[in-house]
Amino acid sequence: MPKNQFIDPKEVRKAGKITFKDIPVNQYQKSVSDEKNSFSDDDFIRILRDMQIIREFETMLNTIKTTGEYQGIAYNHPGPAHLSIGQEAAAVGMAYTLSTDDYIFGSHRSHGEILAKGLSAIHQLGEKKLTEIMQNYFEGTILRIVEKELKGDVKDLAVKFLLYGTLAEIFARETGFNKGLGGSMHAFFTPFGIYPNNAIVGGSGDISVGAALYKKVNRKPGIVVSNIGDASASCGPVWEGISFASMDQYRTLWEKPYQGGLPIIFHFMNNLYGMGGQTYGETMGFGILARLGAGVNPDMLHAERIDGYNPLAVIDAFRRKRKVIDDKKGPVLLDTLTYRFSGHSPSDASSYRSKEELDEWMKYDSINWFGDELVKNKIYSQDKIDALKEHVAGLVKKTVALVTDDSISPHMDITKDPDAIGRLMFSNGSAEKMEEEKPGVLIPMEENPRVKQIANKERYAFDKDGKPFSKAKSFQLRDGIFEAVIDRFYKDPTLVAYGEENRDWGGAFAVYRGLTEALPYHRLFNSPISEGAIVGTAIGYGMCGGRVIAEIMYCDFLGRSGDEVFNQLPKWQCMSGDLIRMPVVVRVSVGSKYGAQHSQDWSSLVAHIPGLKVVFPATPYDAKGLMNAALQGTDPVIFFESQRIYDVGEMFHEGGVPEGYYEIPIGEPDVKRQGEDITILTIGATLYQAIKAADILKEKYDISAEIIDARSLVPFNYEVVIESLKKTGKILLTSDACSRGSYLKDVAQTISELAFDYLDAPPVVVGSRNWITPAYELEQHFFPQPDWMIDAIHERILPLKGHQVKNNFTISEEIRRNKLGV
């Protein structure tokens, strides 16, 4: 919404037409003979060798999966093995020109890409650098195995290191590249620029865009290649990622050093099938996938179809497209035609395609064709090709023997070390900044108009006589978040924030008001309305070394980013084997007044997912301290905020909200009011309803309630609650989440187990009704109210003398509602 971009109705309403440029299809027609001046004989031979290594490696996996042995070595691999036999030329051609500064992301079918990129890196790196990488990776564990058992010079050792680390990861060995926690579909090796492959079809489509954003914002060398399949062209993360990568603002609004398109190639490995669905003629309508580029931007993504059965054609395309990216005209779409001889997986009998089709494609097997070309051009003899095949088979056999030897390559011993995986779920790191560069800002912080305005606010809600200050004069919850965020922007040069309406508007709820004046475009910008890509790009940005605040405007929109929040963000730290950090804060605003699709508290859904820290502050003091902690950490944090309390002042921390920096440890609940007779545990905005209920309990029934604000959902320290229960013996738990399946139901069960001896009555949960969220005028019948809490206490915990019940919290009513599912 930049005011400097005037949308003139006279221009946009003019009659006209859209014209499209031609999209090249299989234009590369050179032979090996034609390319002799561009490649040395050794180059040609290396291309063949790399294809042979990939073919033998995957043939080995297929043989083990289907027969239980390889070259006399018996082994049962129960895990997945999605093979790309037949696609070797596309993988090798893709990787040939890439350096370790260039990052590749892949799919569930990316063993070949891992090996191709690794082999290319080994060729390019010097022996000293290769030795350093191997020695430093997991303190040299893999190198010691390879050196002892396989031997060879540095380059040979590096090839064996690559094969061993990859296969050990596929076979879930602790000596794998990711300690066996990634496996076949998630293996990667970042020192060679091999970033995570992804088991979710199209999952890399937006994550890889975040990596390209990281390179652009932090001015890092190299490009990003998103290796995804043709079937992923129907997936949301891919389209959202393409939209995010193609935003006009990179060219029109970003400052000069940062201007230009993102450095990314969307590389569709188009084998014409998505599992058993044929994308050509059945499940898609594009005919030729490169056509998709035409609808994205005027450059049509520089889209092109290339013959992925010819490695030289792929190399040529990557050289040309790199020039496009170097000219800051990315992103790029490449439709690389290929074909897999293997099924979707070894259990796939390929019943969806004919034997005639498979036989016809095998006539054009890239490895056989390329070998014949080398013989025909007197670059390599058939005897040498046969010897190469034999050498590669021997190398793979030795690798299999090592990896399947439990004494050399053990699985992670969870019996001996029960916390081995648990320790990797969170890094629990602390880092003021992710890099040492000077942060890019537009003005000194003290000159910021909002900073000046906040300096005149009252940082405690009440004056010396206990009278509340007006909302306009009070330091509000939104101010607490703002102070933590702007402070970090002036400390961490990598920090970026984006989402819908983040810039100019100041965020939909005015939290970011004042940031536009402080920050250049590349650090604070508006994204497309693409919640999946907002979170997905944050994941890619974070795993590459940056820090991100991604905003989901309404909690209800988490569904749009479900895979990214539930299946991607929480998992990569652990699946990396503790190598990747994920300093990503996702701000989620919980609404009200806007009805069924804009007013839901889904904090319980997020808390259910292992690998996410989840916080929900309800006071300005806690909001600032928890945001500081989240932004100091290196773990993914889902930061819930209630729209109903953005304007509250600090009522509990008597010193008010400190002006300086402080942190509140994530996971520590806080006693907001001392009491003796009953404990009330709250999450989010229900804190204020619980305070009202506590006041009524005291005034009418002389009951002293202790109020505990959870502040965090994950992690959560139960010791504070147990200490309270030792006094009170009774507890009511309340939040705005629907009661069925809520996080507080889990807390109640845990309390019953941990504090059974201290309880005089079962814990009772008061949540929102199991309905749609109704209109604002009816919300008092949906969200927990003070009288609900008092009625629940009376009916289920502690009879209140003379109390007149307004709401039915009896056991029989709970049974009735559950029978109805409401």
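Me: Where is Pro-715 found?

Reply: Pro-715 sits in the loop between strand S19 (712-714) and helix H25 (719-728). Those labels are DSSP runs numbered from the N terminus: helices are H or I with at least four residues, and strands are E with at least two. Keep in mind that this is a predicted model, where local features need pLDDT of at least 70, side-chain atom pairs count only at pLDDT 80 or more, and totals for chains, interfaces and linings use all residues. Residues are numbered from 1 along each chain as its sequence is written, and side-chain values use heavy atoms, with hydrogens and water left out.

Me: Ok. Which residue is joined to Pro-715 by a cis peptide bond?

Reply: Val-714 is, and omega is about -10 degrees there. Most residues other than glycine have a negative phi, and most peptide bonds are trans.

Me: Which bond to Pro-331 is cis?

Reply: The one from Gly-330 to Pro-331, with omega near 5 degrees. Pro-331 lies in the loop between helix H11 (311-326) and strand S9 (332-337).

Me: And phi? What is it for Leu-301?

Reply: Leu-301 has a positive phi of about 60 degrees, although it is not a glycine. Leu-301 is in the loop between strand S7 (277-278) and strand S8 (304-307).

Me: Is Leu-301 buried or exposed?

Reply: Buried, because its relative accessible area is 0%. The cut-offs are under 20% relative accessible area for buried, over 50% for exposed, and partly exposed in between, using a 1.4 Å probe and protein chains only.

Me: What about Asp-578, what's its phi?

Reply: Asp-578 isn't a glycine either, and its phi is positive at about 75 degrees. You'll find Asp-578 in the loop between helix H21 (572-575) and strand S13 (584-590). Asp-578 counts as partly exposed because its relative accessible area is 29%.

Me: Switching topic: helices. How do H4 and H7 pack?

Reply: Helix H4 (residues 111-124) and helix H7 (residues 154-170) pack at an angle of about 160 degrees, with their axes 10 Å apart. The axes are lines fitted to C-alpha atoms, for helices over the stretch in contact, and angles run from 0 to 180 degrees between N-to-C directions.

Me: So what do you call that arrangement of H4 and H7?

Reply: Roughly antiparallel. Angles under 35 degrees count as roughly parallel, over 145 as roughly antiparallel, 65 to 115 as roughly perpendicular and the rest as oblique.

Me: Which residues of H4 and H7 make the contact?

Reply: Among them are Ile-114, Leu-115 and Leu-119 of H4, and Val-159, Leu-162 and Leu-163 of H7. Contact here means heavy atoms within 4.5 Å. By class, the contact of H4 with H7 has nine nonpolar, five polar and one charged residues. Ala, Val, Leu, Ile, Met, Phe, Trp, Tyr, Cys and Pro count as nonpolar, Asp, Glu, Lys and Arg as charged, and the others, Gly among them, as polar.

Me: What about H2 and H3, at what angle do they cross?

Reply: The axes of helix H2 (residues 41-67) and helix H3 (residues 88-96) cross at roughly 130 degrees and come within 9 Å. H2 and H3 are therefore oblique to each other. The contact includes Asp-43, Arg-46 and Ile-47 of H2, and Glu-88, Ala-89 and Tyr-96 of H3. Its residues divide into seven nonpolar, no polar and five charged.

Me: Which residues in H3 meet H11?

Reply: Ala-89, Ala-90, Gly-93, Met-94 and Tyr-96 in H3 meet Pro-311, Val-314, Ile-315, Phe-318 and Arg-319 in H11. That contact splits into eight nonpolar, one polar and one charged. The axes of H3 and H11 come within 8 Å and cross at roughly 35 degrees.

Me: Last one: where does Asn-770 lie?

Reply: In the loop between strand S21 (764-768) and helix H27 (786-797). Asn-770 counts as buried because its relative accessibility is 17%. Its side chain reaches the backbone nitrogen of Arg-740 at 3.1 Å. Not counting residues up to four places away in sequence, Asn-770 touches Cys-738, Ser-739, Arg-740 and Val-822.

Technical notes: A polar contact is a pair of N or O atoms within 3.5 Å; within protein, one must be able to donate a hydrogen and the other to accept it, and residues adjacent in sequence count only if both atoms are side-chain atoms.
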